[in-house]
Amino acid sequence: MPLFGNRRSPTPRLKPELDDKELGRVRKQLDTSPISSMREIQADQIERILRAAGTDWDRRSHRISVLADKAADSNLSRFWLLRNPKNADALLFQAWVDLVRARQAGAATDAQVTAERCYRAAELRQEDPTPWVVLLGLMRVQRRSQREVFAVWQEVVDRDRSHREAHLQMLGYLSPEESGSNSQVLDFLDSVRSQGLWQSPVAALELTAEFVRYRRAASGGGVGELLADKIWHQARATAVLDHAVANWKPGVLRHAAALADLNLLAYVLVQAKRSADAAEIFGQLGGTVTAWPWQLSGNPVDEFTYWRSHATR
């Protein structure tokens, strides 16, 4: 134990895999040579890690999303699907890569093909909510009707009522910037809150909604931009922050993206000038940094490092 002060804090670094070490190892393997023999190994490793998640749909979704983001600029997903066209995981992985590319482009170029991949994957593993989650994301990009979107949403919650990615997709879809309104967002949050899911993968849904409200004001110009910081001192936002600080103690949040939610909480507490509370959350995070939301203020690692030092000073 050091004689003076605390041990040195872990060096901050971006970790899309968060605390999933096996996912981190597979993700790192995707940096290797694109030759055919390596593609076979990489596809096998992805299939293995997805199978290992079993029916932990939250973990499975986290792993697919991280690997799809990494593989979006390569032909790995296409290689795997051509080799195994009837493999549910290959179909699903290609569909998620399609979704990543559609989000980057702002439009889905082959939406019908991607949707068909989702439906085929759903038929092959009917208990899995993940194909429906990808379809939900695809429909959000397309701005499809609420009737269509809610039908797919029901397919998800019938299989997993606390699916984090699906809830975030719906939160975005129902926003006034997309296909909904502020009242629909509030109704959605009330519905989720009534289910008592605060220790589930959707624990940060209300915090995310408040953060989106803050970002809307901060980027809107005029008086709203000047008063944006006051949102964190309004009753609704204060209640959300107080609840998170009081309840998100070490070991409470166990879902796959818990460290991502804690990054968001740390960022918001910094914005709200609650340094003492932020210091506690930084302590839980160690050196694990997520790009979002820190990238909104600059280089994610630099921002995280600066504000951790400021909060724990």
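**Note on the cores, helix packing and backbone of the predicted model**

1. The largest nonpolar core holds 54 residues, and Ile46, Leu67, Phe93 and Phe188 touch the most other members. Helix α5 (residues 88-105) contributes most to this core, giving nine residues. A nonpolar core here is a set of buried Ala, Val, Leu, Ile, Met, Phe, Trp, Tyr and Cys residues joined through side-chain atoms within 4.5 Å. Buried means under 20% relative accessible area, exposed over 50%, and partly exposed in between (1.4 Å probe, protein chains only). Helices (H or I, at least four residues) and strands (E, at least two) are DSSP runs numbered from the N terminus.

2. This is a predicted model, in which local features need pLDDT of at least 70 and side-chain atom pairs count only at pLDDT 80 or more, while totals for chains, interfaces and linings use all residues. Residues are numbered from 1 along each chain as its sequence is written, and side-chain values use heavy atoms, with hydrogens and water left out.

3. Phenylalanine 188 is in contact (heavy atoms within 4.5 Å) with Trp153, His167, Met170, Leu171, Leu174 and Leu205, not counting residues up to four places away in sequence. A second, separate core comprises 38 residues, including Leu241, Trp248, Ala260 and Ala272.

4. Helix α11 (residues 205-218) contains threonine 208. Threonine 208 counts as buried because its relative accessibility is 11%. Leaving aside residues up to four places away in sequence, threonine 208 touches Leu168, Leu171 and Leu264.

5. The axes of α11 and helix α14 (residues 258-271) come within 11 Å and cross at roughly 45 degrees. The two helices, α11 and α14, are therefore oblique to each other. Axes are lines fitted to C-alpha atoms, for helices over the stretch in contact, and angles run from 0 to 180 degrees between N-to-C directions. Angles under 35 degrees count as roughly parallel, over 145 as roughly antiparallel, 65 to 115 as roughly perpendicular and the rest as oblique. Leu207, Thr208, Phe211 and Tyr214 of α11 meet Asp261, Leu264, Leu265, Tyr267, Val268 and Gln271 of α14.

6. In helix α3 (residues 57-71), 13 of the 15 residues are buried, so α3 is largely enclosed by the rest of the structure.

7. Most residues other than glycine have a negative phi, and most peptide bonds are trans. Leucine 18, however, has a positive phi near 60 degrees; leucine 18 is buried, with a relative accessible area of 4%. Arginine 143 also has a positive phi, of about 55 degrees, and is partly exposed at 47% relative accessibility. The peptide bond from tryptophan 292 to proline 293 is cis, with omega near 10 degrees.
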